[in-house]
Structures are given as structure tokens and as C-alpha cells.
Amino acid sequence: MKLQTTLLLSTLALSSAAFAQTKAPEPDYTLSYNAGVVSDYRYRGISQSRLEPAVQGGIDFAHKNGFYLGAWGSTIKWIKDAGAKGNVELDLYGGYKGELAKDLSYDLGVLRYEYLNNTLSPNANTTEVYGALTFGVFTAKYSQSLTNLFGTANSKNSTYLDLSANFDLGSGMTLTPHVGRQEVKHAASSSYTDYSLTLAKDLGKGLSFTIAAVSTDADKTVYKTPANKFTGKSAAVVGLKYSF
């Protein structure tokens, strides 16, 4: 009887261990949301919000096969500063991510910048295609516009090259250095290089905090507010985001 009891308990223990090691099946797709606020909406180093705070949010769909879609929006002020109507940016994007080899992955997609009800001429709405390669912590990304770039006349085929890295510092912190080069077709004075160094901290429960040092060498006579404030100036930008 003692032997039978021992065998039964051993069998139950083995069964429990096997059950515990069984992983839940991977979902076919994930759907995530985010909302946040930043002290200044900087895009490629240039303020989109007149050096003032902006409210932002988005939604992302990702399939396990690598296909993804998303939408993201932010309040803006640069179109109004250009003398036209339009105070919301909506980005619509989709693409495919995959792995070429160990530690080497790629990302190909298309991105549409839609400036709702904007009256800028030429129109501010812009479409870009992009491709990125990531090796370990390093990423190189190339974007090219299929339309005029953000309302600049005759700027189709403008390009942006982005080099960055993502270092895990532990304790929920990451450090991301970045350098990018914006080339605006047929508008040399609008071309520039931007730099940033971003520290992000995971605060738990979906909250994250970022602080970034941002700078550019953009032309101060081109990138300015109606009050002649340089929108590409060096600054510290902080943000708080909730993901769910």
C-alpha cells in the first residue's frame, strides 16, 4: 500500500510538472493602445507644436506572421503658424517585419501623414515608404517620400536616413542615441541633420517616462515660429505615456 501511494504521488507530481511547463498558445495577433503627453512634439528634431506641449495617442495591430497596421495622432501647430488651417496630425501605417538571420531583422512599410482638414498649399499630406535593418541593438532606417514632403513644393522623393541604437540599462531603463539626415528635394535650405539622446524608464502598470536631449543644424530662417523662435533649437523634451 505504501509503495502504491508513493507511485501515485510521483505520477501526480510528474503530471503537474508537465502541465506547468506547457505554454499557452501564442495568439494570432495583438491589439494595443497608447495615450500620452509631451512637453514639445519634436519630429525629426523639428517642433511640430510651436515648442509647446502636445497630446498624443495611437492603436497598433500586429499579427504573429509579421504583418502590422497602426494609427497614431498628435495635436500640432505648425500648419496654423504657416497661415493655414489644420491642428491635428494622423499617421496611418502598415508593413511587414521579419528575420533574415540570428540578430538580424528587417522592417518594410508605408506611412501616410494626414493633416486633418489642412488648407496648406501645396497640401501638407505626405506619403513615405521605408525600410529598416536591425542588427542587435543597432538600427538603420531609410524613408523616401512618394509625394511632396509636408507641403514643400516640388519635393517628391525627399529622403530621410535614421541611425539609432537601443541599449538596455536594466531596471526598466533604456538609452537610445539617434542621428538622422533629412534631405528635401529641390530645397537645400530645408535640409538638415538632427540628433537626440533619449532615456526611457518603465514605471510599471503600462506607464513609461522619457526625457530626450534634442538638437538640429537646421536653418533658423526656414524653421521658425511666427514669433521668430527657432523650432529646431537644442532642448530637453519630456514625455509620459500609458500603454494598454
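**Figure 1. The K64–D28 salt bridge in the predicted model.** K64 pairs with D28 in a salt bridge, with the closest N and O atoms 3.1 Å apart. A salt bridge here is a side-chain nitrogen of Lys or Arg within 4 Å of a carboxyl oxygen of Asp or Glu. The pair links distant parts of the chain, 36 residues apart. K64 sits in the loop between β4 (54–63) and β5 (67–75), and D28 in the loop between α1 (2–21) and β1 (29–38). Helices (H or I, at least four residues) and strands (E, at least two) are DSSP runs, numbered from the N terminus. K64 is partly exposed, at 48% relative accessible area. D28 is also partly exposed, at 43%. Buried means under 20% relative accessible area, exposed over 50%, and partly exposed in between (1.4 Å probe, protein chains only). The model is predicted: local features need pLDDT of at least 70, side-chain atom pairs count only at pLDDT 80 or more, and totals for chains, interfaces and linings use all residues. Residues are numbered from 1 along each chain as its sequence is written, and side-chain values use heavy atoms, with hydrogens and water left out.

Figure 2. The whole structure holds seven salt bridges. One of them joins the side chains of D40 and R42, at 2.8 Å from N to O. D40 is buried, with a relative accessible area of 6%. R42 is buried too, at 14%. R44 forms a salt bridge with E128, where the closest N and O atoms are 2.9 Å apart. This pair links distant parts of the chain, 84 residues apart. R44 lies in the loop between β2 (42–43) and β3, whereas E128 belongs to strand β8 (residues 126–135). Both R44 and E128 are buried.

**Figure 3. The second largest pocket.** This pocket holds about 590 Å³ of space. Of its 27 lining residues, I46, Q48, W78, F150 and Y223 are the closest to its centre. β3 (46–47) and α2 (78–81) each supply at least two residues of the lining. The lining divides into 13 nonpolar, nine polar and five charged residues. A pocket is an open set of points on a 1 Å grid over the protein atoms alone, where a 1.4 Å probe fits, with protein on both sides within 12 Å along at least five of seven lines; lining residues have an atom within 4 Å of a point. Grid points are joined across faces, edges and corners, and a volume is the space filled by probe spheres set on the points. Ala, Val, Leu, Ile, Met, Phe, Trp, Tyr, Cys and Pro count as nonpolar, Asp, Glu, Lys and Arg as charged, and the others, Gly among them, as polar.

Figure 4. A cis peptide bond joins S121 and P122, with omega about -5°. P122 is placed in the loop between β7 (104–115) and β8. L51 has a positive phi, near 65°, and is not a glycine. L51 is found in the loop between β3 and β4. S171, another residue other than glycine, has a positive phi of about 55°. Its loop runs between β11 (167–170) and β12 (173–183). S171 is exposed, at 61% relative accessible area.

Figure 5. S196 lies in strand β13 (residues 192–204). S196 counts as buried, at 18% relative accessibility. Leaving aside neighbours within four places in sequence, S196 is in contact (heavy atoms within 4.5 Å) with T176, P177, H178, A213 and V214. A235 lies in strand β15 (residues 235–243). A235 is partly exposed, at 26% relative accessible area. With the neighbours within four places again left aside, A235 contacts R42, A212, A213 and V214. A235 and G83 are 152 residues apart in sequence and 25 Å apart in space, C-alpha to C-alpha.

**Figure 6. The chain behind the close-ups.** The secondary structure comes to two helices and 15 strands. The radius of gyration is 23 Å, well over the 18 Å that the globule rule gives for 244 residues, so the chain is more spread out than a compact globule. The radius is taken over C-alpha atoms, and the rule is 2.2 Å times the number of residues to the power 0.38. Along the principal axes, the C-alpha atoms fill a box of roughly 90 × 30 × 30 Å. Of the 244 residues, 33% count as buried.
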